[in-house]
Amino acid sequence: MTWVWTGMVVLSLLFGMVSGNLDAVANAALEGARSAIDLSISMAGILCLWSGVMEIMNACGISAGLAKAFRPLLRRLLPDASRDRETLAAVSANVSANLLGLGNAATPLGIQAARRMALGCGGTASDELCLLVVLNTASIQLLPTTVASVRAAAGSRTPFDILPAVWLTSVLSVAAGLLTAWLLSRRRGRRAA
């Protein structure tokens with residue numbers, strides 16, 4: 001990837017010199033850097049806000065209640081992982097954080113669950129571990145806080161007006177991921193038999 005970015009910079013400079021627009025290329029680079037810093041600072045503030053909201057939800061027990069609500073479904077989807085109470089708790093908390101659009105909070109929980117699930121795999125990911133990755137990657141989001149934060153930082157007056165589209169696409173992506181994981185696990189099961 002380093003070569004790709006380096007190549008893009010070198011090509012931009014070369015075309016800028018050849019076309020006589022090297023000043024415009026330099027100005028665009030500086031403007032892009034300034035925009036990236038502005039976005040990063042505004043995102044950091046919004047991320048702090050939603051992390052605080054998540055901490056309040058944890059302290060009030062809302063996150064635990066949400067995770068508890070998902071346990072019956074997760075026991076069906078991940079029967080082996082649900083036998084270990086700590087693994088099921090980490091998976092439930094991961095799904096809950098993803099549901100609230102807090103991917104940064106969900107990632108450590110997902111890693112913790114994946115590590116626990118990988119203990120008995122012998123170096124090869126089990127079907128359930130792959131399913132966890134699918135659930136973590138294509139999560140259903142009720143509140144897409146990260147995307148709304150980016151939209152707010154970019155100047156959107158209504159950053160949450162994307163909710164119906166996010167709900168539809170996240171449900172469809174999870175359904176497609178679950179179906180694909182199920183089909184691949186069945187195919188692997190047939191080859192092993």
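**A buried helix, a salt-bridge network and a nonpolar patch**

Eleven of the 15 residues of helix H4 are buried, so this helix is largely enclosed by the rest of the structure; buried here means under 20% relative accessible area, exposed means over 50%, and partly exposed lies in between (1.4 Å probe, protein chains only). The structure is a predicted model, in which local features need pLDDT of at least 70 and side-chain atom pairs count only at pLDDT 80 or more, while totals for chains, interfaces and linings use all residues. Residues are numbered from 1 along each chain as its sequence is written, and side-chain values use heavy atoms, with hydrogens and water left out.

The buried set of H4 consists of Thr-87, Leu-88, Ala-90, Val-91, Ser-92, Asn-94, Val-95, Ser-96, Ala-97, Asn-98 and Leu-99. Helices are DSSP runs of H or I with at least four residues, numbered from the N terminus. H4 covers residues 85-99, and its end C-alpha atoms lie 21 Å apart, in agreement with the 21 Å that its 15 residues should span at 1.5 Å a residue. The expected span is 1.5 Å times one less than the number of residues in the helix. Just after H4, Gly-101 adopts a positive phi of about 75°.

Apart from neighbours within four places in sequence, Glu-128 is in contact (heavy atoms within 4.5 Å) with Leu-78, Pro-79, Asp-80, Ala-81 and Met-117. Cys-130 also sits in H6, which runs over residues 127-137, but Cys-130 is partly exposed at 38% relative accessibility.

Turning to charged pairs, a search of the whole structure finds three salt bridges, each defined as a side-chain nitrogen of Lys or Arg within 4 Å of a carboxyl oxygen of Asp or Glu. Glu-31, Arg-34 and Asp-38 are linked in a network of such bridges. In one of its pairs, the side chains of Arg-34 and Glu-31 meet at 2.6 Å, N to O; both residues lie in helix H2, three residues apart, about one turn of the helix. Arg-34 also pairs with Asp-38, with the closest N and O atoms 2.8 Å apart, and here the separation within H2 is four residues, again about one turn.

Arg-151 lies in helix H7 (residues 145-153) and Asp-161 in the loop between H7 and helix H8 (163-192), so the pair ties together parts that are ten residues apart in sequence. Arg-151 is partly exposed at 25% relative accessible area, as is Asp-161 at 48%.

Helix H2, which spans residues 22-60, also holds Ser-40. This serine is partly exposed, with a relative accessible area of 47%. Ser-40 and Ala-153 are 113 residues apart in sequence, while their C-alpha atoms are 9.1 Å apart in space.

On the surface, a nonpolar patch is formed by Val-9, Val-10, Leu-11, Leu-13, Leu-14, Phe-15, Met-17 and Leu-22, with about 740 Å² of accessible area together. Areas come from the Shrake-Rupley method with a 1.4 Å probe, and for residues only the protein chains shown count as cover. Patches are made of residues with over 30% relative accessible area and no salt bridge, with like charges joined within 9 Å and nonpolar side chains (Val, Leu, Ile, Met, Phe, Trp, Tyr) within 5 Å. Helix H1 (residues 2-19) supplies the largest share of the patch, seven residues. Val-10, located in H1, is partly exposed at 41% relative accessible area.

Note on methods:
Helices (H or I, at least four residues) and strands (E, at least two) are DSSP runs, numbered from the N terminus.
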